[in-house]
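Here are a few friendly notes to read alongside the model. Please keep the viewer open as you go through them.

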Amino acid sequence: MKVNEKKVSPSSVIGTASIDLMGETVELPIVEGSEGERAIDIRTLRKRTGYITLDDGYTNTGSCESAITFVNGEDGILRYGGYPIEQIARSTTFPEVALLLLQGAPPPARELKRFSQKLTEHAMLHEGLRHHFVGFPPEAHPMAILSAMINSVSCYHPDLLRIGDEEHLLDAAAKLLSKVRTIAAFSYKKSLGEPMIYPDAERGYVSNFLHMMFSKPYTEYEPSDEEVRAIQLFFILHADHEQNCSTATARMVGSSGANLFASVAAAVCALWGPLHGGANTNVIKMLEKIHEGGDSLSATIDRVKRKEELLWGFGHRVYKSSDPRVKLLRKACHDVFQAKGISDPLLDIAQELEQIAVKDDYFVERKLYPNVDFYSGILLRAIGIPLNMYTVMFAIGRMPGWIANWAESWRHGSRIHRPRQIYTGSTERDFVPIDRR
Ligand code: SDX
């Protein structure tokens, strides 16, 4: 694996931390990133003292230095390559954001055009791959299909398993970004028992996806500009989010030297969990239950406060104030409803729930605010995306972030991820063979 010169510029050492280890003092460097975040660099701790650190869920642990995305949870800041998400959301396209994340700067028009052509060229699946869908039952979960098919794509493109330079990487990224749309749409058509709709070379990234989802052999689906804008925004807002569970998984798997497709397929599985990308589905189920009269807002809040269930779409490991993506998604919901002349009672319920929770001490004390998943499902519902594909939509959006982080780790020649542990099991004892037990 050729290590590329595009290494992450390291954080700077600004001082030292003295730690008293029960009488033995160790001095460790304090490093600072470009946004003033500080860390104690413990890379030499065990070698020098025999000690490790313990941090369940890595709440206090930085796994890497990265130059891709910055999140400030206290101030509700999200920037891709230094560009505020509020600016990006208004004036870019998803392919452009993908290149920004992959290369660290907005692409020149010529390069974006070339990348968009690659996305169009690679939209088809190998016919052998198309037959894989026959084996999935109609009710198969689209996240299972997505993860399985991403690995299967690499069987038909063995060249993609050996990424040796930036051009190869860009080609692999284009193939992945393009084909995940097709896989997602084909899995939907399979679930309906409808023929798969092939991509249309005349359409842009989002319009092509909606075409493959909703066109039929005898009638073309023409999404409105508002619908394309809404899904474009959805993908852009989900494109990256520093070291979240699924992105950290992509880095972890890639750190063993595993190829990009295997690493991204693993990330899809991590995203599937209800505490991560699966939450957008649970938000809608929670709101529908309230709407159908099965539950009142106050009863829901009371059960959450009794810890009988989670308030889905609330809380975040990093954002301890507002998630900047929430207000952009909430506005997009209103824009789509207005453009389509529709309404959705779930939006009213969601806003009411948010108003109650953000004033309730239980949530305020725990710094629980709406996160990206709270309104995103309502937006997808307005476009007609089926509920069981909401997390697949999140995965399509997050694809550039997973690829960019995998590539940054590959360029950096990162060491294999291998956390330590504190053993708390039985101490040494002799094994008694079964005939004497
Ligand atoms: C995403 O990391 C990322 O960047 C993720 C993401 C991305 O773009 O990749 O932003 C996308 O995954 C958003 C999160 C989607 N998940 C949900 O909406 C599920 C509901 N949220 C929770 O499961 C939780 O808030 C997490 C998983 C998001 C964060 O978990 P933490 O950081 O481990 O929080 P915690 O368990 O330490 O919570 C602190 C307190 C606890 O109460 P106490 O023990 O102090 O009394 O807050 C409570 C928790 O019980 N709490 C909640 C809650 N979230 C936390 N109580 C009710 N409802 C919730 N949603």
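**Notes on helix packing, cysteines and a sheet**

1. Helix α12 (residues 279-291) packs against helix α17 (residues 373-383) at an angle of about 75°, and their axes are 8 Å apart. Axes here are lines fitted to C-alpha atoms, for helices over the stretch in contact, with angles running from 0 to 180 degrees between N-to-C directions. The two helices, α12 and α17, are therefore roughly perpendicular (65 to 115 degrees).

2. A word on the basis: this is a predicted model, in which local features need pLDDT of at least 70 and side-chain atom pairs count only at pLDDT 80 or more, while totals for chains, interfaces and linings use all residues. Residues are numbered from 1 along each chain as its sequence is written, and side-chain values use heavy atoms, with hydrogens and water left out.

3. Contacts (heavy atoms within 4.5 Å) from α12 include Val283, Ile284 and Leu287, and those from α17 include Phe374, Ile378 and Arg381.

4. There are 0 disulfides in the structure (pairs of cysteine sulfur atoms within 2.5 Å). For cysteine 269, the nearest cysteine sulfur belongs to cysteine 245, 11 Å away. Cysteine 269 is partly exposed at 40% relative accessible area, whereas cysteine 333 is buried at 0% (buried is under 20%, exposed over 50%, partly exposed in between, with a 1.4 Å probe and protein chains only).

5. An open sheet of 3 strands runs β4-β5-β6 with antiparallel pairing (pairing needs at least two DSSP bridges). Its edge strands are β4 (69-72) and β6 (83-84). Between β4 and β5 (residues 77-80) there are 4 bridges, and phenylalanine 70 sits opposite arginine 79 in β5.

How values were computed
Angles under 35 degrees count as roughly parallel, over 145 as roughly antiparallel, 65 to 115 as roughly perpendicular and the rest as oblique.
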